[in-house]
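Take a look at the structure below. Keep the sequence at hand while you read.

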Amino acid sequence: MKLQTLLEVLPFYTVQGKGNPDITDLKNHHEKVTSGDLFICIKGSDVDSHTLAKEAEQRGAVAVLSEVPLNLGIPVVMVHDTRRAMAILSDYFYNQPSRDLLLIGVTGTNGKTTTTHIIETVLNSAGRKTGAIGTLYVKTGDEIEESKNTTPDSLTLQQTFSKFIEKGIDSAVMEVSSHALYQGRVHGCDYDIAVFTNLTQDHLDYHSSMEEYRSAKGLLFSQLGNTYSKGSPKYAIINIDDPSADYFIYSTASHVITYGLNQHAHFRAENLILQANGTQFKLVTPCGEYQVSLKLSGQFNVYNTLAAIASSYVAGIPLPSILSAIEEIKGVSGRFELVDAGQDYSVIVDYAHTPDSLENVLKTIKTVTTGKIITVVGCGGNRDTLKRPIMANVACRYSQKVFFTSDNPRNENPKLIIDDMLMGVPKEEAEKYEVILDRKEAIFRAVSNARKGDTVLIAGKGHETYQIIGDRVTNFDDREVAIEGIKMRIIE
Ligand SMILES: CC(=O)N[C@H]1[C@@H](OP(=O)(O)OP(=O)(O)OC[C@H]2O[C@@H](n3ccc(=O)[nH]c3=O)[C@H](O)[C@@H]2O)O[C@H](CO)[C@@H](O)[C@@H]1O[C@H](C)C(=O)N[C@@H](C)C(=O)N[C@H](CCC(=O)O)C(=O)O
Ligand SMILES: Nc1ncnc2c1ncn2[C@@H]1O[C@H](COP(=O)(O)OP(=O)(O)OP(=O)(O)O)[C@@H](O)[C@H]1O
Ligand SMILES: N[C@H](CCC[C@H](N)C(=O)O)C(=O)O
Ligand SMILES: [Mg+2]
């Protein structure tokens, strides 16, 4: 595509230098640039890639998108905001691929990975070829790629959609993080269905307040479009039981479909039976009532399931097909995952890394455990510090024994992270906890403390197969370490 043709989608720009080269591809990382590319400069939080434009030119870039004039021998297209322009240009360059997909976006503090996984399973089992984008992976048919971010940058995202189309995929379900919404990674995405799971505290290192965090999430619903505009109808699927439900309902001009336990919800669960190895409930919908039996545990998974049912239904899948697919789902990697090495107590690895998710998971464990609850938990470094004391408080409130340990300390001192956590533990709970900085040792100690009927919760890292200490990433998998600890104890 000629540079001038590509630029037609931008409202305003100026060009420094002459020429109208053919653009063979778009790149936003200088090391990926090859001959014929347009290199997009971004003033990032770690790197300002305007400083790498010269190198991009040397690698073969034929034009550059920039926010400032640059001294190069190739055309420099100047715009006010390169991040925003990148989203618009990427969408256009790759032929607006999201318009050819049934596109479902899921946002909320907790439950995005689980809800997208359920939707993906339902759509696939109904014969729709479904791509998935989220924390665990980017899945294109049978091809699975590990993801760097929950939601990729706008260029990578549009390239992924384009690949989906190439591979004959017709539907896509993706997690949309608040960072992504705030940074415009999903500008240019033509969503058909947007799902809100819940809003509780997280990421206050990045968003300056809960209001700002909420408004970032609201962008998914305001960009959903108008129900009465051309094309197929758009749907906002909202958890009506969440205190922020109204905010999201009034953020959108699309159809609003609600779910929850509330009697006004369009998709509602009644008569819940919560067990360690599954959940039963009556599903009440405007088009009939059904008895549902899940292999997933926890009331929070009832919410995730309702969100997935409502989304799949408005996507055109009949309820009986939705339910038969959902009833087969065994779980999601690292979410309430039972670790079984033949021991007579339960060990659960869970990705709870927010106060709300930790409380939800512990509440679930409390309803199904006959013995003690032993929790291993830490908080990530270089992340929201305000959640630390709250998580520690929750851990002590629901457990008989707590091992505070390191999560991913990143560039923070692990001891100081735990000090922040301990601020949330009341004096009378001081007997309950021990601080063991080494996560492996903490897990070993927790399992050796467990007796018949107890439950050990290892929280915070779920599916992660690494630990980040400083800038070093080493192999670490809570599930493998737990098995090692359990086996060692059995031999003892
Ligand atoms: C704070 C934050 O969100 N940072 C994200 C942001 O970085 P950035 O745009 O500021 O990029 P940067 O690293 O400063 O680089 C700027 C530019 O220089 C380019 N570059 C950089 C280095 C180089 O050698 N050459 C080069 O050309 C980069 O490609 C980029 O275009 O955009 C990048 C691309 O989209 C993200 O990878 C990066 O995520 C970092 C790794 C991160 O940790 N993000 C977390 C906080 C995050 O986004 N998390 C959410 C999930 C939260 C949840 O699940 O609840 C997520 O969506 O993943
Ligand atoms: N609907 C929910 N409400 C509250 N907590 C939940 C819900 N669903 C899952 N959880 C808890 O949150 C943890 C993370 O779940 P999940 O990975 O599905 O969320 P996520 O929104 O994708 O998280 P992230 O933002 O880190 O990608 C789970 O391990 C569980 O403890
Ligand atoms: N998406 C979340 C994941 C946190 C997981 C936890 N293990 C940590 O490293 O803090 C984040 O990036 O804040
Ligand atoms: Mg996720």
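This is a predicted model: local features need pLDDT of at least 70, side-chain atom pairs count only at pLDDT 80 or more; totals for chains, interfaces and linings use all residues.

Start with the annotation. An unreviewed UniProt entry lists Asn149, Thr150, Thr151, Ser177, Gln183 and Arg185 under "binding site". These residues span 37 positions in sequence, yet no two of their C-alpha atoms are more than 13.2 Å apart, so they gather at one spot.

Asparagine 149 sits in the loop between strand S9 (143-145) and helix H5 (154-166). Threonine 150 is found in the loop between S9 and H5 as well. Leaving aside residues up to four places away in sequence, threonine 150 touches Gly134, Thr135, Glu175 and Ser177. Ser177 is itself one of the residues in the UniProt list.

Now turn to ligand 1. It is surrounded by 20 residues. The closest are Gly44, Ser49, Asn149, Asp153 and Ser177. Asn149 and Ser177 are also among the annotated binding-site residues. Where does ligand 1 lie relative to the domains? Domain 1 (3-93) and domain 2 (97-326) both give residues to its shell, so ligand 1 lies between them.

Ligand 2 has a shell of 22 residues. Gly111, Lys112, Thr113, Thr114 and Ser357 are the closest. Helices H4 (112-125), H9 (299-314) and H11 (355-368) each supply at least two residues of this shell. H11 gives the most, with 4 residues. The class count is 5 nonpolar, 12 polar and 5 charged. Domain 2 (97-326) and domain 3 (337-491) each contribute at least three residues.

Last, the interior. In soluble globular proteins, nonpolar side chains tend to be buried together. The largest nonpolar core here has 91 residues, of which Val64 and Ile237 touch the most other members. H9 provides the largest share of this core, 9 residues. Domain 1 (3-93) and domain 2 (97-326) each give the core at least three residues. Beyond residues up to four places away in sequence, isoleucine 237 touches Ile193, Val195, Ile257, Tyr259, Ala307, Ala310 and Ser311. A second, separate core has 43 residues, including Ile365, Ala392, Ile417 and Leu457.

Definitions and conventions. Residues are numbered from 1 along each chain as its sequence is written. Chains are lettered from A and ligands numbered from 1 in the order in which they are written. UniProt positions are given in the numbering used here, feature names are shortened, and annotations may be inferred rather than shown by experiment. Two residues are in contact if their C-beta atoms, placed from the backbone, lie within 7 Å. A residue is near a molecule or strand if its C-beta atom, placed from the backbone, lies within 6 Å of it. Domain bounds come from an automatic or database domain assignment. Ala, Val, Leu, Ile, Met, Phe, Trp, Tyr, Cys and Pro count as nonpolar, Asp, Glu, Lys and Arg as charged, and the others, Gly among them, as polar. A nonpolar core is a set of buried Ala, Val, Leu, Ile, Met, Phe, Trp, Tyr and Cys residues joined through C-beta atoms within 7 Å. A residue is buried if 20 or more other C-beta atoms lie within 10 Å of its own, exposed if 12 or fewer, and partly exposed in between; C-beta atoms are placed from the backbone.
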